[in-house]
Amino acid sequence: MAQAASSVAREVHRHYIGGEWTAGMDAIANVNPSDLHEVVGHYATATAEQVQAAITAAAQAFESWQFSPIEQRFDALDAIGSEILARREELGRLLSREEGKTLAEGIGEVARAGRVFKFFAGESLRISGELLASTRRGVSVEITREPVGVIGLITPWNFPMAIPAWKIAPALCYGNTVVFKPAELVPASAWALSEIIARAGLPPGVFNLVMGPGRLVGELLVNSPKVRAISFTGSVPIGAAIAAKAAARGAKVQLEMGGKNPLVVLDDADLEVAVNVAVQGAYFSTGQRCTASSRLIVTEGIHDRFIAALEARLATLKIGHALAAGTEIGPVVSEPQLRQDLDYIAIGQREGARLRFGGQPLRLEHEGYYLQPALFTDTQPAMRINQEEIFGPVATVIRARDYEQALAIANDVPFGLSSGVVTRSLRYAADFRRRSQAGMVMVNVPTAGVDYHVPFGGRKGSSYGPREQGRYAIEFYSNCKTAYIAP
Ligand code: UN1
């Protein structure tokens with residue numbers, strides 16, 4: 001790897017601070033998880049001074065950007081969306097090379113990012129308020145939305161372009177300025193996105209990119225009194241630490257963290273639908289989604305048939321290089337993540353679960369972090385593999401006596417992001433929709449793979465603060481003002 005790294009021309013991609021492309025103190029080699037001998041590029045690491053400079057630039061730019069005409073915002077967001085959509089194949093390829101999801105998934109994600117910008121371009125023209133009568137004679141009450149200020153955006157590696165898009169677009173739409181810190185593992189997509197944003201006609205300082213580790217860049221953003229809000233997607237412990245620090249200084253915070261999402265398969269399910277929904281939800285994108293169906297809760301009457309059909313489908317799944325034609329499941333993103341997946345597979349076996357399929361690292365033509373998708377059966381709800389997020393291509397089956405028991409098991413975890421049920425019964429579908437303790441409920445569709453124009457978020461340990469995406473994003477990315485006006 002070191003050899004490959006040195007043979008690549010060392011153009012180091014820079015930070016974008018106050019409208020300037022700025023070199024960092026160091027460079028990170030971005031390695032392709034499908035082929036460890038390929039370096040996707042080198043990306044700068046920010047110094048503490050650079051992070052502070054980005055925050056200062058964003059604070060200065062906010063003075064004027066908060067009053068920017070909505071048409072200026074529309075034009076910038078619309079142009080960004082158009083360019084992303086026009087370049088979806090090229091950017092999708094880049095994304096798949098650095099993250100390892102299949103090319104189709106990479107292109108799909110880039111298109112989603114483009115559409116998010118288009119959506120918020122439109123929203124910028126529809127920012128509205130309310131006009132109410134006062135309880136006092138001759139007074140009226142105006143309720144309006146105002147920008148928050150500088151917003152720090154901290155994004156994860158599993159959606160290198162879509163998650164940045166669904167934080168950056170609403171931030172700019174509602175008149176905020178941004179300091180964006182992408183995950184260290186996937187700077188290429190973030191940099192390409194930033195390069196597009198940098199050419200969209202925004203005033204200097206409105207949008208800033210600083211790359212580097214969370215313990216430096218993230219910490220500074222979270223602790224800076226000039227950063228009025230933090231939106232974070234990532235792990236539970238880091239999210240909890242961010243929330244505590246942000247709350248202590250009165251900054252707004254929005255967290256999207258883990259999931260342990262259940263898919264309930266009932267006796268009356270269409271078996272083919274159940275298997276498709278389970279495979280897509282549990283294993284596509286290599287299971288590396290906070291919305292992944294990691295627990296398949298199956299009632300007795302369909303249990304054995306479901307497992308047999310699922311196993312048969314798993315045996316046909318093509319695991320391979322993210323860019324190879326026909327690949328259905330790409331590699332795991334990194335060595336530490338692969339280790340975590342394998343650790344949990346060992347834990348499941350020690351706990352007495354039956355490893356029914358897969359779970360072994362694969363040696364393929366290219367050296368990469370390949371893992372045969374794993375299926376555990378005969379598991380108990382209290383096992384660690386059924387309570388803790390693994391974040392890999394690993395799913396468990398839990399047998400349930402009936403619908404009521406399946407629902408109770410589905411809800412009995414510290415997370416509540418997404419949940420699903422496969423059934424032909426309107427009664428069970430309606431009941432599950434009402435009683436599932438999750439922010440998003442899916443009936444006969446996968447728990448992962450959500451639309452871009454509707455609210456996204458969960459409950460319990462999965463999410464904190466207002467929803468992301470759709471019109472609901474305004475709650476976090478703006479402040480409410482109530483004005484009383486007498487002539
Ligand atoms: C999806 O399932 O389409 O980090 C999106 C994640 C989520 C996004 C999932 N915030 O996996």
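Modeller: Let's start with what an axis is: a line fitted to C-alpha atoms, for helices over the stretch in contact, with angles running from 0 to 180 degrees between N-to-C directions. Helices here are DSSP runs (H or I, at least four residues), numbered from the N terminus. The model is predicted, so local features need pLDDT of at least 70 and side-chain atom pairs count only at pLDDT 80 or more, while totals for chains, interfaces and linings use all residues. Residues are numbered from 1 along each chain as its sequence is written, and side-chain values use heavy atoms, with hydrogens and water left out.

Biologist: Okay, what makes helix 10 oblique to helix 11?

Modeller: Helix 10 (residues 271-283) and helix 11 (residues 300-316) cross at roughly 55 degrees, and their axes come within 10 Å. Under 35 degrees counts as roughly parallel, over 145 as roughly antiparallel, 65 to 115 as roughly perpendicular, and the rest as oblique. So helix 10 is oblique to helix 11.

Biologist: Which hand does the crossing of helix 10 and helix 11 have?

Modeller: Right-handed. A crossing gets that name if the near helix is turned clockwise from the far one by less than a right angle, and left-handed if anticlockwise.

Biologist: And which residues meet there?

Modeller: Among them, Leu271, Ala274 and Val275 in helix 10 meet residues such as Ile302, Arg305 and Phe306 in helix 11; contact means heavy atoms within 4.5 Å. By class, that contact has 11 nonpolar, no polar and two charged residues.

Biologist: Why is helix 3 called roughly antiparallel to helix 5?

Modeller: Helix 3 (residues 70-86) and helix 5 (residues 103-124) pack at about 165 degrees, with axes 8 Å apart. That angle makes the pair roughly antiparallel. Their crossing is left-handed.

Biologist: How do you know how helix 13 and helix 14 run relative to each other?

Modeller: The axes of helix 13 (residues 403-411) and helix 14 (residues 426-435) cross at roughly 25 degrees and come within 11 Å. Helix 13 and helix 14 are therefore roughly parallel. Helix 13 contributes Tyr403, Glu404, Leu407 and Asn411 to the contact, and helix 14 contributes Tyr428, Asp431, Phe432 and Arg435.

Biologist: Now the ligand: how many residues surround it?

Modeller: 13, and the closest are Arg112, Asn158, Cys290, Thr291 and Gly449. A residue is near a molecule if one of its heavy atoms lies within 4 Å of it.

Key
Helix = DSSP H or I, 4+ residues; strand = E, 2+ residues; numbered from the N terminus. Nonpolar A, V, L, I, M, F, W, Y, C, P; charged D, E, K, R; others polar.
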